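Visitor: Could you walk me through this one? I would like to go through it piece by piece.

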2 protein chains.
Amino acid sequence: MSSHTPINRKVTLNDIAAGCELSRATVSLVLRGSPLVNKHTRARVEEELRLQGYVYNRSAANLRRRTSSSIALVLNDLANPFFAEFAAGVDQTLGEAGFVTLLGCTSESATREQAVLSSLLEHGPGGIILSPAEHSNAHDVLAAVGARSPLLLFNRELGGTLPEFAHWDQLMLDNQHGARLATEHLIARGHQRIAFFGGHRDSSSCSQRHAGYVQAMQAARLPIEPHWRIECAPTRLEAAHQTSALFAGTPTPTAAVCYNDAVALGLMLGLNQRGLRPGQDFALTGFDDIAEAALGMPPLTTLSTAPRERGQQAAKLILQRLQEPQADSRQTIAPVQLVVRESSCAPPTA
Amino acid sequence: MSSHTPINRKVTLNDIAAGCELSRATVSLVLRGSPLVNKHTRARVEEELRLQGYVYNRSAANLRRRTSSSIALVLNDLANPFFAEFAAGVDQTLGEAGFVTLLGCTSESATREQAVLSSLLEHGPGGIILSPAEHSNAHDVLAAVGARSPLLLFNRELGGTLPEFAHWDQLMLDNQHGARLATEHLIARGHQRIAFFGGHRDSSSCSQRHAGYVQAMQAARLPIEPHWRIECAPTRLEAAHQTSALFAGTPTPTAAVCYNDAVALGLMLGLNQRGLRPGQDFALTGFDDIAEAALGMPPLTTLSTAPRERGQQAAKLILQRLQEPQADSRQTIAPVQLVVRESSCAPPTA
DNA sequence: AGTTACATTTAGATCGTTCTAATCCGGCAG
DNA sequence: CTGCCGGATTAGAACGATCTAAATGTAACT
């Protein structure tokens, strides 16, 4: 065993000070690289730190300084690759800024969200990045975090009215514009009967995407049939099950703008089961550009949201907010990019 | 604005004590549900806590009690769905036990791993769950964390010899057994010429899986040709590129046990490009059971590792270790399960 | 020598909690 | 009246850092 391995208790500033016959204060100055301290003593102290295997106790420092070096990251679904990439981006940027990420997953439960938030708050994060659970509302979140903690909402808006005095920041995807791009792309390919498939009507992202779809259809003076809007949970399985609903009424659509990639991949399965070849007999688009999108059969036309970059952006935004707590709240809308692949074919030349 | 919203500074035990004309100590007892305190005063204090919007400062408490309520989770690649699921499982179980997760991503860089570990340690986690970066070694990890912090290694072993006095726990997948199951399954389907495809020879998980493959082949008295082992990075793209190597020598294999799902999916692409239909003209298996495996064309026979359950298990193991720091170190090997799908067809009846 | 200036070091309070060892008080036995 | 018990409360020192204000030492300038 190497001689510097600490045997028993944690070694503190006092131990180092004693070892050098100096005061705590001086050692503390050394740790923080103060120019006040004599370079000879600095060297002595640094040697001792190494020798005793000192590790800085940031909690103690934060307590005294009334600062924080952590950010809470609360996600509705970490298992979703989109949020996993996002989290990786957040952690990377926070880490570079010397902050640490306190993770919390809510599994889409507003109840758990409350519990997770208050548990994380007890550890005194400097700020919070929150991607809300499905039926989370502004009132409860406010009760849990108070109006004092900097909060950045990501991806979804909160239900209920959010009080004006809590100036929370927002980082949202440009859902409406993205869906409009997808729809316009299908129209440019020659489609006239286009459905909007998947998602729940009361989710903010879904209604925004639907709005973009409507916008594009109206701009092209194309009709929208009510039975061309199919709701379903945003999972592959549900989407596959709802496929038949697409063809229940007439006129039948020749293409669909899907709520997201998961839904689109599910729809592909459903189409195959009906003997329709996606990307040949029927066109469709997704949203998110998850890894599987590029590998589908056929590869999926979708909107790239660059989740890792969003994570980095979210981290930067919350760090900025820490710098200027009083600044006006920011509403950021991140652009999305259309990625054209083979699933968005022209309509069959009937 | 509701009247209880705190206006200015953080409210502390002192504020509550003053509000009730009691001492800090009594309030502290109330917080921790001590039976010592009179039930009437308890009610008064709880009212005041609610009124002032008190939030517990766990860092301060941890400082005084010399305890910790956090666990560091250090991952080589959070963007990988396998690890994302794992992280979700860890966080869930830790949360239920009142612990919080300190996240750190290393992006497969041993250098970043060092930085991340020492940064996290400054926040005084009670223990560490580490899925090491690719070329991480025991010596460096020891230097960063010391021998005192409970550490659980997940998924990969560390390079170098790990010192016997640092009793670190391990949670590994049963790679060897899994690969053996896959190989036996192919043999049972009638294959005799089976290759082992993908992965790097120096990765511990790869060599374990290869060993399982060899075991099954030898048990069935089947020959193994040297040119049936193809190495490549565990990504889809690399795997697709290496497909031709499989058919370079004679006799050519009729099936392949792939290092993992990513490699298997890449191989499918490569087979398609050569005009071979995976699951009909050539059989293959994967490892991990990622979400895409079930949706491939054809669906992939693979080994399910239940990453979320592994995360829960890892959390339980590290919490157990916190209870009994002196107990002998545990080496846990998690079972894997063969999931048979269509990619593992019988050989063509030539 | 006395004063000032500067560089370096430090004693001691402090952050918000917990813990130890009292203290206080009403009742009850002797 | 005294002593003791037990329930309820508390003063004050921790925990490991930082910060303020002051102390120390040394050199330079009147």
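Guide: A term to settle before the contacts: a polar contact is a pair of N or O atoms within 3.5 Å. By that cut-off, the side chain of A:Thr41 qualifies, with an N or O atom 3.4 Å from a phosphate oxygen of DNA strand C. Keep in mind that this is a predicted model.

Visitor: How many residues surround DNA strand C, and which are the closest?

Guide: There are 26 around DNA strand C. B:Leu13, B:Ser28, B:Arg32, B:Tyr54 and B:Arg64 are the closest. Of the atoms of DNA strand C that come within 4 Å of the protein, 71% belong to sugar and phosphate.

Visitor: What kinds of residues make up that surface near DNA strand C?

Guide: Twelve nonpolar, seven polar and seven charged residues. Helix 2 and helix 4 of chain A, along with helix 2 and helix 4 of chain B, each supply at least two residues there.

Visitor: Now DNA strand D. Which residues come nearest to it?

Guide: Out of 26 residues around DNA strand D, the nearest are A:Leu13, A:Ser28, A:Arg32, A:Tyr54 and A:Arg64. Sugar and phosphate make up 73% of the atoms of DNA strand D within 4 Å of the protein.

Visitor: And the bases of DNA strand D, what lies by a base oxygen or a base nitrogen?

Guide: The side chain of A:Arg24 has an N or O atom 3.4 Å from a base oxygen. At A:Ala60 the backbone is involved instead, with an N or O atom 3.3 Å from a base nitrogen. Chain B takes part at a phosphate oxygen of DNA strand D, where a polar side-chain atom of B:Arg66 lies 3.2 Å away.

Visitor: Which helix gives the most to the surface near DNA strand D?

Guide: Helix 4 of chain A, with five residues. That helix covers 58-65. Helix 2 (24-31) of chain A and both helix 2 (24-31) and helix 4 (58-65) of chain B also supply at least two residues each.

Visitor: Changing topic: how many residues of chain B and chain A are in contact?

Guide: 43 residues of chain B touch 42 residues of chain A. The two chains bury about 4000 Å² between them, and 62% of that is on carbon and sulfur atoms. B:Glu122, B:His123 and B:Arg148 supply 16% of the area chain B buries against chain A, more than any other three residues.

Visitor: Do strand 1 and strand 3 of chain B run parallel or antiparallel?

Guide: Parallel, with four bridges joining strand 1 (residues 70-75) to strand 3 (residues 127-130). B:Leu73 stands opposite B:Ile129 in strand 3 of chain B.

Conventions
Residues are numbered from 1 along each chain as its sequence is written. Chains are lettered from A and ligands numbered from 1 in the order in which they are written. This is a predicted model: local features need pLDDT of at least 70, side-chain atom pairs count only at pLDDT 80 or more; totals for chains, interfaces and linings use all residues. Side-chain values use heavy atoms; hydrogens and water are left out. Two strands pair if DSSP finds at least two bridges between them. A residue is near a molecule or strand if one of its heavy atoms lies within 4 Å of it. A polar contact is a pair of N or O atoms within 3.5 Å; within protein, one must be able to donate a hydrogen and the other to accept it, and residues adjacent in sequence count only if both atoms are side-chain atoms. Contact means heavy atoms within 4.5 Å. Buried area is the accessible area (1.4 Å probe) that two parts lose on being put together, summed over both. Ala, Val, Leu, Ile, Met, Phe, Trp, Tyr, Cys and Pro count as nonpolar, Asp, Glu, Lys and Arg as charged, and the others, Gly among them, as polar.
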